[in-house]
Amino acid sequence: MSDPLLAVEGVKSFYGPIMALKGVDLEVHAGEIVTLIGANGAGKSTLMMTIFGDPRAREGRIVYQGRDITRLPTHEIARLRIAQAPEGRRIFPRMTVRENLMMGAGIDEATHFEEDLARVCVLFPILAKRLDQRGGTLSGGEQQMLSIARALMSRPQLLLLDEPSLGLAPMIVKQIFAVIRELNQAGVTIFLVEQNAFHALKIANRAYVMVSGSITMSGTGQELLARPEVRSAYLEGGREV
């Protein structure tokens with residue numbers, strides 16, 4: 001197999017004296033959807049943020065396209081065509097949808113703005129009807145769509161999605177995952193952090209399970225879906241929506 005697009009090697013990160021990541025090893029290859037599942041508080045979002053440099057990895061390395069980015073500032077990491085749709089959406093509520101998307105485009109992609117705007121409006125037709133509406137007035141599902149669309153405006157090669165289905169109705173969840181699959185088929189590599197293990201593992205090429213800051217299991221999405229310990233921990237109790 002070729003070298004990974006993203007490699008996390010023995011990464012440890014801390015919040016004060018508390019070790020949140022305990023030597024994490026993980027790879028994402030170009031063209032893949034790689035899913036990281038785990039319970040709330042397992043450290044999934046911390047890993048996502050550590051890849052972007054906040055918190056900074058205290059030990060280990062993060063390598064992207066063969067380059068060690070462990071010590072790079074967050075804004076320089078973003079320039080490497082890595083984009084993130086963070087947990088909790090974190091859109092700009094007082095700005096319009098169009099202005100939010102302009103913030104995602106940044107200076108480098110300003111000349112492609114109208115082209116990229118048209119592209120994300122095809123992916124998320126509801127946003128085309130909301131361009132002049134303030135982000136804070138959108139529904140939860142629409143805000144999630146805006147968060148992903150904003151990340152796409154930077155034309156990323158690697159898209160980090162942190163809990164994109166969190167708090168959304170089942171019908172909206174299915175729409176979000178359909179778009180994730182469509183983006184991947186269009187050539188975007190995706191690293192997906194999710195509590196909704198059923199949907200996440202169904203679309204994943206490969207997947208990892210995180211428990212208390214450590215990777216405890218890995219395999220293809222279908223392999224992990226079939227494992228009884230994964231099913232009992234993450235797929236029972238009505239999660240298969």
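Author: We begin with burial: a residue is buried under 20% relative accessible area, exposed over 50%, and partly exposed in between, with a 1.4 Å probe and protein chains only. Helices (H or I, at least four residues) and strands (E, at least two) are DSSP runs numbered from the N terminus. In strand β3, Ile33, Thr35 and Ile37 on one side and Val34 and Leu36 on the other are all buried, leaving both faces covered. The model is a predicted one, in which local features need pLDDT of at least 70 and side-chain atom pairs count only at pLDDT 80 or more, whereas totals for chains, interfaces and linings use all residues. Residues are numbered from 1 along each chain as its sequence is written, and side-chain values use heavy atoms, with hydrogens and water left out.

Reader: Which strands does β3 pair with in the parallel sense?

Author: Two strands pair if DSSP finds at least two bridges between them. Strand β8 (residues 189–194) runs parallel to β3 and is joined to it by five bridges. β9 is also parallel to β3, over four bridges.

Reader: How does β9 continue to strand β10, and in which sense do the two run, parallel or antiparallel?

Author: β9 and β10 (residues 214–220) run antiparallel and are joined by six bridges. Met210 is placed opposite Ile215 in β10. The hairpin of β9 and β10 has two residues between the strands, and Ser212 takes a positive phi near 50° there.

Reader: How many salt bridges does the structure hold?

Author: A salt bridge is a side-chain nitrogen of Lys or Arg within 4 Å of a carboxyl oxygen of Asp or Glu. By that rule the structure holds ten. One of them joins the side chains of Arg206 and Glu32, at 2.7 Å from N to O. Arg206 lies in strand β9 (residues 206–211) and Glu32 in the loop between β2 (18–28) and β3 (33–37), so the pair ties together parts that are 174 residues apart in sequence. Arg206 is buried at a relative accessible area of 19%, and Glu32 is buried at 9%.

Reader: Which salt bridge involves Glu9, and what parts of the chain does the pair link?

Author: Glu9 meets Arg61 through their side chains, at 3.0 Å from N to O. Glu9 belongs to strand β1 (residues 6–15) and Arg61 to strand β4 (residues 59–64), distant parts of the chain that lie 52 residues apart. Glu9 counts as partly exposed at 31% relative accessibility, and Arg61 is partly exposed at 38%.

Reader: Which residues are linked in a network of salt bridges?

Author: The network links Glu115, Asp116, Arg119 and Arg155. Within it, Asp116 and Arg155 have their closest N and O atoms 3.1 Å apart. Asp116 lies in helix α4 (residues 113–123) and Arg155 in the loop between α6 (140–152) and β7 (158–162), so this pair ties together parts 39 residues apart in sequence. Asp116 is buried at 2% relative accessibility, whereas Arg155 is partly exposed at 27%.
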